[in-house]
Amino acid sequence: MKEKKRSGAVRFFAGCMAILLVCSVLIWGFQSDWGRVEIKRIYLTGEDGSTISSLIYIPENATDETPAPVVVIFHGRSNHAHSNDTWSMELARRGYVVLSPDLQGGGESDPTIDRGSQAISVAAYANTLSYVQQDSINLIGYSAGCATVLETYRAMPDIVNSICEVFGPFMVSMAGGIEDVDTNISIIKATADQYDYSFIGDPDACAVAVAEAAGLAEVESGVDYDRNGSIFRYSVVSGALHQTGNISGQAIEAIISYETTVSEAPVTLDISDTAWFPQQIFSGIACVTMMFLLASIINLLMQNEFFASAANPVPVKAPRKGAKAWAIDFLFALIIPALIFVHVSAYVIKWTGTGTVWSKFITSANLNGIMGWLLVVAAIGVVRMVLKANRRKKEGNPMHLSEYALGGPDETKINWTKPAKGLLIGLIAVVFVFTWLWLIEGFAGINYQVWNLSTYLKISPMRIVRAIPYVLIIFTVMFIGNMNQRVLPSTGNERRDMWIAVAVNTCMTASALFVLLLLQYGGSLLVGTGQTIIPQIDIYGTGTNTSSGSLDFAFGYCYMMGGTTGVVTYIYRKYGNIWVGVIPAAIFAGLVTLSGFTVIN
């Protein structure tokens, strides 16, 4: 039996690695145009002495003899270089050299407060490359990157051939307009962009504002206007939110159309000839597989005698069933968390904002909103646990450690070697994952990045230190949430029961955020003006309700918290211990899936 379990654990791990290997090859193939584009990471030193990390895409047509046009892409807030992989790969497939830097702490760059200085340094470096067309840089910005583009242009107007502001009418307005910009300009707008709606108004109001900023009587989508001898283009794309620029087919085609107009592409491809969609599909498969990989690593290590001693007999609990049980679960897992999210997260952002004592320890404002909400939800869970424990005590049947999966049926005190082994398992798992991520980027120039759902990046010592408070918060939330796991009625098939439990707990954990996001952004798409369904909160007293804060950055948390809960459920069902599931899952979530976020306020 022991040998059978060990061979099963090996097969599980090997299967995960095989899927990741296949996905990695395919992602590399689509992203590099099957080897015709070299993707690598470079490190520059900024004027302030900070390290600036950047991806660079070099197509085979770019040589000293045949220099290629160059594009520099600046990502948005709480993004990083890989966030714009879809744009970078499509431009590189058409022969453009592309630089996509990590800015202001995103990805692997230092968390300098001077984002503009970093961007200027990268653009200046791009202009020194012998295989690019000199003094003819094309700048692209997304969201906050739109302001970065204007700052970079103003620092070096003589060497900029064009600027492209993606989903940025509101940001162009906030960055001082474009009256002084004397080069080719494109502004791309999503009809359902909530930031444009908050700062400017509906699409018609945005068109008027853009025309006024450009000094034109009016603008129509997709039409090129002569503006002081340069091209001005305003493109409106439908079916896209502010957050979906990198997976909007219309936005990507608008970028390609404009860039090939202002700077002829060395490689001629039809505008619809794109590879970003399958690249994103296989990135998504890889991201889901990463959660299974974590479970498989824990399972594999638990076959070792040293770690196996951390297991407990799986506790036998009476299953909770019936309408009342489901109603209570939905109340505390979905309804209450959803109702309190916007207000709790908004005020946590305010309390932990720049300049506060908290900002020195938990350093990402939007992350803080989500973490604060999770802690409140966990506190509600503690109250439920206390009430249940008191009721059981009055009934003469007090709770035992085994019922919380914290120890064996005869244990009255926590055996601290078990959480210690859980910690060691977590560290081994994370080191393995980081090594794998280092290998795929080092040799293939890729990572697993699918839209805003998930990001896996290498991590630096600075990011480890910054992530520790979030690891502790996630551990607290997962620990409390999993001590009272719901026990479902048995089907008579242990294996089937395992996967039903994993699926149910995963979905229940992710349900509150999923429903909120579905209402907010699904509703916004249906309305189509940028107006949001859930009322916004003016937490800074600006007089404008600009966004619902953390909800704008919560796409990845359905995946992160739901996925890791599935891992914990799997390990609990096999080994009767939440230590060896919760601790590795919290480390994994805090260090790996949060590493793509900007860890500064």
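**Helices, strands and cores in a predicted model**

Asparagine 127 lies in the loop between helix H3 (115-126) and strand E5 (132-142). Helices (H or I, at least four residues) and strands (E, at least two) are DSSP runs, numbered from the N terminus. The model is predicted: local features need pLDDT of at least 70, side-chain atom pairs count only at pLDDT 80 or more, and totals for chains, interfaces and linings use all residues. Residues are numbered from 1 along each chain as its sequence is written, and side-chain values use heavy atoms, with hydrogens and water left out.

Asparagine 127 is buried, with a relative accessible area of 12%. Buried means under 20% relative accessible area, exposed means over 50%, and partly exposed lies in between (1.4 Å probe, protein chains only). Leaving aside neighbours within four places in sequence, asparagine 127 is in contact (heavy atoms within 4.5 Å) with Gln133, Gln134, Asp135, Ser136, Ile137 and Ile159.

Helix H2 spans residues 85-93. Nine of its nine residues are buried, so H2 is largely enclosed by the rest of the structure. Among them are Trp87, Glu90 and Arg93. Just after H2, glycine 95 takes a positive phi of about 95 degrees.

Strand E8 (residues 224-227) shows alternating side chains. E8 runs antiparallel to strand E9 (residues 230-237), and four bridges join them. Two strands pair if DSSP finds at least two bridges between them. Arginine 227 stands opposite serine 230 in E9. The hairpin of E8 and E9 has two residues between the strands, and asparagine 228 there takes a positive phi near 55 degrees.

A nonpolar core is a set of buried Ala, Val, Leu, Ile, Met, Phe, Trp, Tyr and Cys residues joined through side-chain atoms within 4.5 Å. The largest has 101 residues, and Met290, Tyr448 and Tyr456 have the most contacts inside it. Helix H16 (residues 555-575) gives the largest share of this core, twelve residues. Apart from it lies another core, of 44 residues, among them Val122, Met156, Ala207 and Val219. Beyond its neighbours within four places in sequence, tyrosine 448 has contacts including Leu20, Ala286, Met290, Trp436 and Tyr456.

A search of the whole structure finds zero disulfides (pairs of cysteine sulfur atoms within 2.5 Å). For cysteine 146, the nearest cysteine sulfur, that of cysteine 164, is 8.2 Å away. Cysteine 146 is buried, with a relative accessible area of 0%. For cysteine 206, the nearest is that of cysteine 146, 13 Å away. Cysteine 206 is buried, with a relative accessible area of 0%.
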